Amino acid sequence: MAETVQFPNIFVSGKVKGVAGTLQINKTGFAWKNSLGHKVNVLATELKKAFWFHVGPCCRIALTLKTGSFVRFEGLNTRDRETISAYIASNFKVQLENKELATKGWNWGKTQVENKILSFLSDNKVCFEVPLGDLSSVKSDKNDVILQFVQDETTKTIPELMVEMKLYVPPDLNAKSSSSSPKVVEEGEEPEEEEEEEELPTASENFKNLLLTHTTIRSGSSSSPLITSIPAINFFTPRGRLDLELYKTSFVFRGKGKDYQAPYSSILALSFLEISANNYLVVSLDPPIRQGNTSYQHLIASLKRSDQYNIEIAVDVAADEQKEDLEATMEGGPETILKIIKSITRKPLLKNGSFQSDAQEKCVRSSYKVNDGHLFPMEKYLFFVSKVPMMIAYDSIKLVSVHRLSKVNQSFDLKLQLKDDPAPITFSSIQKTESRNLIKFLGGRGLNISSDEDPSLGVAAPKLADDDDDSEEEDDDFDPDAMSDEDGEYDEDDDDDEYNSGDDGEVDVPPADDDDDDDGAAPPPKKRL
């Protein structure tokens, strides 16, 4: 037998690499590599079991490792079984076992958890398998258990990806509290005080807890031990009080019915936004974490300036590059949490910028559609803190136009026209007193600003390249969202701006045509029919 066997056009299932590669088996183990440079290696000393599956027209080999994880290679042919079976039996002393898949199409059955793999069995055959190491969140909701999967750099090239799976767990009708049986009270006896019934966990909660014991969501694995835990942080998005756990390679948020996990590699940047009473700590992610149909690209923690923290840190567990600014015990205000997260994640901190509002704040209060929030002009970005947070880079903005900045209005709108998106973004209800500070700051960042309604601002509107300037300005000024009752942005002041130019409430009448030179001339006689 040859020392090396090789198979082309093989895929790695589970976290699919997206591009087929070549599988090579030699005396050291299995080695897979594709044209993008992705590699998967399994040493012969790590191999525990090997299973062979028929999956449609192709075949799959699943390798179970001694660590409890597994690797699957797909795209093999039926004739490849004999070659692989003989090779691993001779060199690795491992037998290749056949495993049948369920083909009846049933959507009910039993579950089995073994070697960190959740198997769904239908008719005592494997219907599908879920690697528990790929889970980012496990939640229970009534009789449902919701599994959410990690999205990292290995999934960015995949056009369609499963991000959530929901399993229905029938309730256990026999599980009742021991105090639920009625008690008979005889005549003359005083009824005993009823004891509170012990609330037993539901079948779905038991199943959720079983899965959590086999994942790194509940506790860190040996490869990613816990460095520190910060309890009861008040989060703005997702809303609620969550405990933050920082491991060597990933972080976990825990709350009542909420568990989120993501690797540090998914963090783009950190931001620390300051206002008078609170500080906002922002963690920007790509890909975002998900809760049902809602995705969170920016995690925003609201930290009071008066709060003090005393945090214990397992410095010896952290990597060498993570230990630079860490101590065994760290005390202080919200800046302490920022320092800990920045040291462990090793991610950049975005600069706030030198903007000062009329109230000496780093932000202005504004609204986007029906969402009220704070708009922070940063050094290179605009960040909007609300239930729907947004981060907009200055280099992605084509034009900034100011609207409704007239004497009768107490607020104005700031409309952003992006370079790669025809739909504008409008921040409304900004106090009029903030106009000069905001426009001056944005103009200093090299942005084109149009403010035809108030020439005293001293910012010239940019000359458009097209010849039809008038029509483009009219189209640019038209904002259908501003008149939408659905978005809740309709303002009665808009009617006054367009139709009332005086203080006495009279409507301006358009001037007469040039042909009517004689004032007070009698109208022409009516034509007799």
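Here is a quick tour, topic by topic.

This is a predicted model, in which local features need pLDDT of at least 70, side-chain atom pairs count only at pLDDT 80 or more, and totals for chains, interfaces and linings use all residues. Residues are numbered from 1 along each chain as its sequence is written, and side-chain values use heavy atoms, with hydrogens and water left out.

- Let's start with an open sheet of three strands in the order β12-β13-β14, with antiparallel pairing; strands here are DSSP runs of E with at least two residues, helices are runs of H or I with at least four residues, and both are numbered from the N terminus.
- β12 (135-141) and β14 (164-168) are the edge strands, each pairing on one side only; two strands count as paired if DSSP finds at least two bridges between them.
- On average, neighbouring strands of this sheet are turned by 15 degrees against each other, direction ignored.
- Strand β13 (residues 144-149) pairs with β14 over five bridges in the antiparallel sense, and Leu147 stands opposite Met165 in β14.
- Helix α2 (residues 203-212) lies across β12, β13 and β14, and runs at about 165 degrees to β12. For such angles, axes are lines fitted to C-alpha atoms (for helices over the stretch in contact), and the angles run from 0 to 180 degrees between N-to-C directions.

- As background, strands of a sheet pair through backbone hydrogen bonds, either parallel or antiparallel.
- Strand β19 (residues 267-274) and β20 run antiparallel and are joined by seven bridges; the two form a hairpin with three residues between them.
- Within that pairing, Ser271 stands opposite Val282 in β20.
- β20 is also joined to strand β21 (residues 294-304), by ten bridges and again antiparallel, with Ser284 standing opposite His298 in β21.
- Why is strand β20 (residues 278-291) largely enclosed by the rest of the structure? Ten of its 14 residues are buried, where buried means under 20% relative accessible area, exposed means over 50%, and partly exposed is in between (1.4 Å probe, protein chains only).

**The largest nonpolar core**

- The largest nonpolar core has 35 residues, and Phe251 and Leu299 touch the most other members. Such a core is a set of buried Ala, Val, Leu, Ile, Met, Phe, Trp, Tyr and Cys residues joined through side-chain atoms within 4.5 Å.
- Helix α3 (residues 334-345) gives the most to this core, with five residues.

**Salt bridges**

- How many salt bridges does a search of the whole structure find? The count is eleven, and each one is a side-chain nitrogen of Lys or Arg within 4 Å of a carboxyl oxygen of Asp or Glu.
- Lys104 pairs up with Asp123, and their closest N and O atoms are 3.1 Å apart. This pair links distant parts of the chain, 19 residues apart: Lys104 sits in the loop between β8 (96-98) and β9 (110-114), and Asp123 in the loop between β10 (117-122) and β11 (125-131).
- Lys104 counts as exposed because its relative accessibility is 52%, while Asp123, at 37%, counts as partly exposed.
- Another salt bridge joins Arg365 and Asp372, at 3.0 Å from N to O. Arg365 is partly exposed at 48% relative accessibility, and so is Asp372 at 41%.
- Lys323 and Asp320 also meet in a salt bridge, at 3.9 Å from N to O; Lys323 is partly exposed at 29%, whereas Asp320 is exposed at 62%.

- Val315 is in the loop between β22 (309-312) and β23 (329-332). Its C-alpha atom is 6.6 Å from that of Glu327, twelve residues apart along the chain.
- Val113 is in strand β9 and is partly exposed, with a relative accessible area of 23%. Beyond residues up to four places away in sequence, Val113 touches Leu118, Leu132, Leu210, Leu211 and His214.
- Is Asn371 buried or exposed? Asn371, which lies in strand β25 (residues 371-377), counts as buried because its relative accessibility is 17%.

Definitions and conventions. Contact means heavy atoms within 4.5 Å.
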